[in-house]
Each structure stands twice: as C-alpha cells, then as structure tokens.
Amino acid sequence: MQSLCCCAPCLFGLEGLAADELRRMGAQQVQAENGRVLFAGDWHTLAAANLWLRTAERVEIVLGQFNAATFDELFEGTRALPWEDFIGRQNAFPVKGWSLDSALHSVPDCQSIIKKAIVERLRGRYHVAWFEETGPALPVRFSIRKNAVTLMLDSSGAGLHKRGYRAVASQAPIKETLAAAMVALARPYEDSVLYDPFCGSGTILIEGALQACNVAPGLRRRFAAEEWDCLPAGTFAAARDQARAQINRQAPFRCVGADLDPAMVALTLQNAQKAGVAGRLQAAAADVAAFAPTTPRGIVVTNPPYGERLLDVQAARELYRRMGAVMEKKPGWRYAVISPDEQFEEHFGRPADKKRKLYNGMLRCTLYLYFKG
Ligand SMILES: C[S@@+](CC[C@H](N)C(=O)[O-])C[C@H]1O[C@@H](n2cnc3c(N)ncnc32)[C@H](O)[C@@H]1O
C-alpha cells in the first residue's frame with residue numbers, strides 16, 4: 001500500500017499528547033514540532049488517525065517541502081510535486097494557507113501561484129485545458145515559515161474537533177480537542193467518576209466518557225478523504241469496524257455535571273445523548289459553592305468562567321475562592337482547572353502540584369493540576 005507522509009496540526013501545547021496518540025495507533029516516524037506532529041503511515045494509518053485523534057485538529061498528507069523566496073521558486077516547487085497521484089480530472093482542489101516570517105508574505109498571491117502551478121502540472125497529465133472541479137474536494141493547504149514551504153492535502157475536511165455531538169454550544173464552550181487534552185492530563189481510569197461543576201455544553205464530560213470507554217471520537221462523522229477516488233475502497237469502513245469492536249462497553253466510568261444555568265444542564269444532557277454517552281452522565285443545576293460529591297474518589301476537570309469573557313476578573317477570582325473551599329485536598333481526589341489567571345493558585349488557596357501551559361484559542365492559559373491527596 002502507498003506510503004504517506006502526514007501532518008497533524010494541533011493547538012500549541014498539545015503536540016506531545018497528539019504525538020503519543022499517534023504512536024499508540026502505530027504511526028511511524030512520529031515527530032512533534034511547534035503546533036503540529038509529522039508522521040508516516042499508509043491509508044489505514046490515515047483513516048485511523050482521522051477517527052481516533054482526540055487532540056489534533058486535522059490530518060493532512062504532506063506532498064512536499066521545499067524552500068522558496070520568490071514566486072518562481074514557489075511555482076516550480078509546487079509544479080514538481082505528483083499532484084496527479086491524488087487529484088483526479090474532476091476533483092476540486094481549493095487552496096488555503098498561511099505565511100510567517102517569509103519573503104513571500106502575501107497569502108492571496110501565494111494561493112494563486114500554487115493554484116496555477118497545480119493546474120499546470122495536471123494539464124500536462126490529463127491533457128485538458130480547463131478543470132471543472134465538480135467532483136469531491138481535495139483541499140490543498142500550504143504553510144510557509146521562514147521560506148520553508150510545506151504543501152499538503154487535507155484529508156479531514158471539517159476540523160477534527162467537530163465530533164458531531166455539539167451542534168449547539170454554550171456561550172463560552174471549550175474546544176473538544178482542548179477538553180480531550182485536559183481530561184488526558186488528569187488521567188482518568190475506566191472506573192473513575194469525572195466531575196465538571198461548570199459543565200456548560202458538557203464538552204469535558206463527554207470527552208472524558210469517550211476516552212474512558214475507548215470510543216473513537218470521529219466514529220459519528222465523515223471525513224473529506226472518504227470521497228476521494230485515490231483512497232483504496234473500504235479503508236474507512238474497515239477502520240470504523242475496528243473502532244466499534246474496540247469500544248469498552250463494560251467500563252464502569254461515570255460523569256457528573258453541574259452548572260448554575262439550567263439551560264446549560266439541558267444542553268449537556270442533549271449533547272451527551274448525541275454522543276452516545278447519556279447512560280453514563282448525570283447533570284443538575286447547582287452553584288459551585290454547593291459542590292459536595294458523594295463518591296469516595298473522583299476527578300474534577302473544569303474550565304470555570306474567565307474574567308475576559310463571562311465575568312470580570314474579580315468575580316472570576318471570587319469563584320476560584322469558592323472552588324478552593326469545596327475542592328479539598330484529600331486522598332483519592334484529583335483536580336484539573338484551566339484558567340488564564342496567573343494568580344489562580346493564590347485565589348484557589350493552594351499551589352498546584354503541577355502546571356501545564358495550554359492555549360484556549362489565542363488565550364494563553366495554565367492547566368492547574370492537583371493530585372496529591
Ligand atoms: C466557560 S463556561 C464552561 C464551558 C464548558 N466547558 C463547555 O464546553 O461548554 C462556564 C460555565 O460556568 C457556569 N457558571 C457560572 N457561574 C457559576 C457558578 N457559580 N456555579 C456553577 N456554574 C457557574 C456558566 O453558566 C457557564 O456555563
């Protein structure tokens with residue numbers, strides 16, 4: 001089977017987690033870089049990566065990498081690549097990308113040069129003057145950093161954070177990929193009880209349940225590559241069958257959500273239903289001050305309101321104080337709280353056992369981890 005060089009872009013701070021996920025699924029030559037992980041594999045690896053990656057944003061096939069400081073170099077470098085191995089005569093191939101710290105800084109110009117070079121290459125192979133682009137899309141992605149050009153085909157289509165369970169979100173939802181990372185860093189077991197006292201649309205709890213029960217997060221959605229003629233028939237169907245067989249239905253894992261807003265509780269329950277984990281999840285309206293879990297052990301993973309968006313900073317800090325009062329240091333309990341507030345620990349009332357820098361969109365945050373009981 002054709003060997004592929006792939007790239008999985010991810011949020012800054014999640015490279016190590018995404019690389020671990022890829023190694024666990026058998027990807028080769030896994031190499032974490034800033035904001036992305038490179039790996040090698042075949043079409044099966046690509047399908048598995050799309051279905052299973054929890055912390056990466058998409059899966060791309062790397063067609064080539066070269067240096068270009070002029071439009072001529074960009075054109076020639078692009079034209080030299082074997083686009084016809086993937087793009088058929090009828091396929092659409094929209095081009096999108098970005099450029100940073102490079103001589104070629106105009107993204108629209110780079111976009112049109114790359115498009116022209118691919119058309120030129122394909123004309124030579126298919127002997128047609130005009131491409132209708134009426135078939136399935138093979139979105140072309142480019143990145144140019146310090147004059148180093150990477151050209152890729154996006155096999156995912158919609159970003160991998162779109163699992164298909166969260167059509168409606170809360171006012172300040174956390175991205176599914178970040179929620180999955182927070183849960184992974186808090187290390188739940190298949191028999192854990194996971195709590196989120198600020199559950200909003202339920203993302204953290206749902207990601208926790210999917211992880212604990214070994215459900216592939218992409219099982220309920222489709223991917224761009226499924227429509228491609230160059231993909232060997234049955235690749236995704238086989239990967240889905242394998243993923244279904246690997247679900248751990250016996251896991252005693254449970255999760256418990258709460259939110260001050262009853263509409264958010266209803267949303268959490270609705271999204272859990274869509275994600276197929278409603279049987280493991282309960283949620284009720286409550287103020288965090290009333291957090292009083294009845295289980296002897298548990299893991300709290302949460303993103304309380306930040307001053308920036310929902311409340312002002314002082315109100316957020318008052319919430320941190322209330323959280324600290326109810327989230328006691330005791331054996332069997334672990335807490336993971338994400339916040340952009342560098343004084344979080346002071347207001348929560350005790351220093352974290354471990355801290356991890358994460359980005360919530362453009363916002364630099366810290367995941368404060370408390371695991372010593
Ligand atoms: C940043 S959002 C959480 C988003 C959630 N992680 C998601 O993915 O949708 C914070 C949530 O805390 C809730 N909230 C605000 N104050 C609260 C309080 N005192 N007790 C419990 N929940 C509260 C808000 O209603 C909001 O849904």
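Predicted model: local features only at pLDDT ≥ 70, side-chain atom pairs only at ≥ 80, totals over all residues.
Visitor: Let's start with two helices. How is a packed pair described, and where do H3 and H4 stand?

Guide: Two packed helices are described by the angle between their axes and the distance between the axes. Here, helix H3 (residues 71-79) and helix H4 (residues 107-126) have axes that come within 8 Å and cross at roughly 40°. H3 and H4 are therefore oblique to each other, and H3 passes H4 in a right-handed crossing.

Visitor: Which residues in H3 and H4 meet?

Guide: From H3, look for Phe71, Leu74, Phe75, Thr78 and Arg79. Their partners in H4 are Cys110, Ile113, Ile114, Lys116, Ala117, Ile118, Glu120 and Arg121. By class, this contact has eight nonpolar, one polar and four charged residues.

Visitor: Now to H1. Which of its residues are buried, and what do they pack against?

Guide: Helix H1 spans residues 15-24, and its buried residues are Glu15, Leu17, Ala18, Ala19, Glu21 and Leu22.

Visitor: What follows H1?

Guide: Glycine 26, with a positive phi near 90°.

Visitor: And the ligand: how many residues surround it, and which are the closest?

Guide: The ligand is surrounded by 20 residues, with Phe198, Gly200, Ser201, Thr203 and Leu260 the closest. Sorted by class, the shell has twelve nonpolar, five polar and three charged residues.

Note on methods. Residues numbered from 1 in each chain as written. Near = placed C-beta within 6 Å. Nonpolar A, V, L, I, M, F, W, Y, C, P; charged D, E, K, R; others polar. Buried ≥ 20, exposed ≤ 12 C-beta atoms within 10 Å, placed from the backbone. Helix = DSSP H or I, 4+ residues; strand = E, 2+ residues; numbered from the N terminus. Axes fitted to C-alpha atoms, helices over the stretch in contact; angles between N-to-C directions. Parallel < 35°, antiparallel > 145°, perpendicular 65-115°, else oblique. Left-handed = near helix turned anticlockwise from the far one by under 90°. Contact = placed C-beta atoms within 7 Å.
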